[in-house]
Amino acid sequence: MSASAPSLPIPSAQPKRTSLPFRRTAVYGGLVIASLMFLIPVYIVLITSFKTNLEVANTTMWEAPSSWTLDGYTTAFERLSRNFANSLLLVIPATFLSAVFGSLNGYVLAKWRFPGANIIFPLMLFGMFIPYQAILIPLVSFLNPMVTFINGLSLPGGLVALILVHVIYGLPITTLIFRNYYTEVPDEMLEAGSIDGAGFWGLYWYIVLPISLPGFVVVIIWQFTQIWNEFLFGVTLSNPQTQPITVALQNLAGSQIADYNVQMAGAIIAALPTLLVYIFLGRYFIRGLLAGSVKG
Amino acid sequence: MIKNNGQVMALLVLLPSILLLGLFVYGFIGWTAYTSLTDSNGLQQLSGLPSNFVQLRNYSDLFNGSLNERFRIDIVNTLFFTLLFILVCLVLGLTLAILLDQKIQGETVFRTIFLFPMALSFVVTGVVWKWLFNPERGINSLPELIGLPGSDFRWFISEEQWLPFNWQQMPTFLTMFALGLVIYFALRWYAKKRAQWAAFAGAIALLLLMLITFDVPRQALPLISEEHGFNLALFAVVIAAGWQMSGYTMAMYLAGLRGISDDLREAARVDGAGEFGVYRYVVLPLLQPITLSAVIILGHISLKIFDLVYTMGGDTNLFIDMPGLNMYLTTFRGQQFGMGAAIATVMLIMVAFVIVPYLVTSFRTEDKR
């Protein structure tokens, strides 16, 4: 079929389509059913988290709690509050540093071409696809002396190591997002600044950085969610004092001691920060998501 | 592109990142690969003994040793899981995207619902679905709410297995897969009138076909005799992971659909295509590159999946075990660093098979632009 048919002065098919109520009903019906299926876990998590230990153990899963209680949340918060704080202490500096490095790297790769850049960039990107198991054994032997040393200074060494690791392995994606963003900035803008005598840093500071806000928002949201949700580095590079929330939640669920109301309340506590970010800044979240598919 | 004395500074700014990634990605991969050729373990480390170089023994043990059945189960699980997971995400993602593309009221609400699981960690997903797949009261009892009989499927602890096959047939299956790929490329080159390339691929296809006919792969690589198959417990993982990731596929497809101009669709309608025809002949072909991207993104996620199965199944549920979890347990619980490194290297090779061609073609087309 040829897609480039001459467009004839025929009224568009629009009215004909709206005159098919059956089709519209089917479309909305499909969407509503799919939405309900997607929301089943949300319903279950919510009602379970508000039940008492006794009710969780005895009644069916699908009924709303006969008496609503915050017991699950209190217990879960007692068990997880320290790890929640750890995750915050980890995710804020790591996200900030990731964004700074990503912005500078992206600026260099988008606006300063030098020989070999076309080979170096894909080689950098490969780092975001590897299974981290493939670097885990050297990583742990490499970082353990550092962690012991920092612990000796009575600082949380595990967190410093985790921050470092997240910044390094975040370099590919943050560089990619900023590079794609800066490629859209017209070269003429920078050339004008260059003629006025601005150098590398002058161009970055006065021309590139002031228009970088959307790029920063996308990268910060992306790294925030990724680092908050990360598990493998968290479980191998932390000690009980520095465990991030995902590791603590997995421990909570793995032990048979915690009742399901506590587990579900814990899941909500662990999910809340990224969920809020997603609900309020979802637009940028999706942009980061799509940037992950390389071509951006 | 700017050219002034900032060039040197630009390189200096990029250099730390290049060096860090050089060490932490490529240096460490090399280190892991080397470790995988040794018998390094916790006992040696404690007693200060050096590890011994054992060549490929860890690998032959993994694929053919009597103690490492768990790894073979993992490989089979990963392959079935990856296939099914990609299929579910593609079908569901495309369906939802097409539904949302019908000029829907409240599109933002629907989109938010389909995409929010993406913001969660696999640990949260695992905790939640483990509760839902609770065989006595979970999803199984849902039909009882409307008076239908409940199900007694055991979900992630189900012991049922489909498609059992002997591990010895694995080389044959891999050769068949390679044959399929070669035939695909032969046809593509033939269609593009690159006769020489097509003939070359055709010759290789013929060779592979002969190898399979005479059962060479199996005899060339004698493997341990062991039954493996598709564990039905994997359905639970596919549903949980699909719940989390199909919104992502939907977002990719939706971005693609929005990129197709209305004029193009209108032209097809003028040509007499019905609504179905518009999708069949105009929209879907244009979405093909997105499908490829999605397959690669989803594929590399599923090949290295770890936290979800760890949370759902714990240390010992072999029905949903995966190489990523096995590597973690072998290395950090079992303290067998050499063996763990070998598992990690196999994982890396599997992921590289998916990712490297993708990166290479991505940047080749970008250069042409």
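Q: Does α6(B) pass α10(B) in a left-handed or a right-handed crossing?
A: This is a predicted model, in which local features need pLDDT of at least 70 and side-chain atom pairs pLDDT 80 or more, while totals for chains, interfaces and linings use all residues. Residues are numbered from 1 along each chain as its sequence is written, chains are lettered from A and ligands numbered from 1 in the order written, and side-chain values use heavy atoms, without hydrogens and water. Helices are DSSP runs (H or I, at least four residues; strands E, at least two), numbered from the N terminus. With the near helix turned clockwise from the far one by less than a right angle counting as right-handed, the crossing of α6(B) and α10(B) is right-handed.

Q: How many salt bridges are counted between chain B and chain A?
A: In contact (heavy atoms within 4.5 Å) are 100 residues of chain B and 105 of chain A. For salt bridges (Lys or Arg side-chain nitrogen within 4 Å of an Asp or Glu carboxyl oxygen), the count between chain B and chain A is zero.

Q: How far apart in sequence are the parts tied together by Glu226(B) and Arg72(B)?
A: The side chains of Glu226(B) and Arg72(B) meet in a salt bridge at 2.7 Å, N to O. Glu226(B) lies in the loop between α9 and β2 and Arg72(B) in helix α4 of chain B, so the separation is 154 residues.
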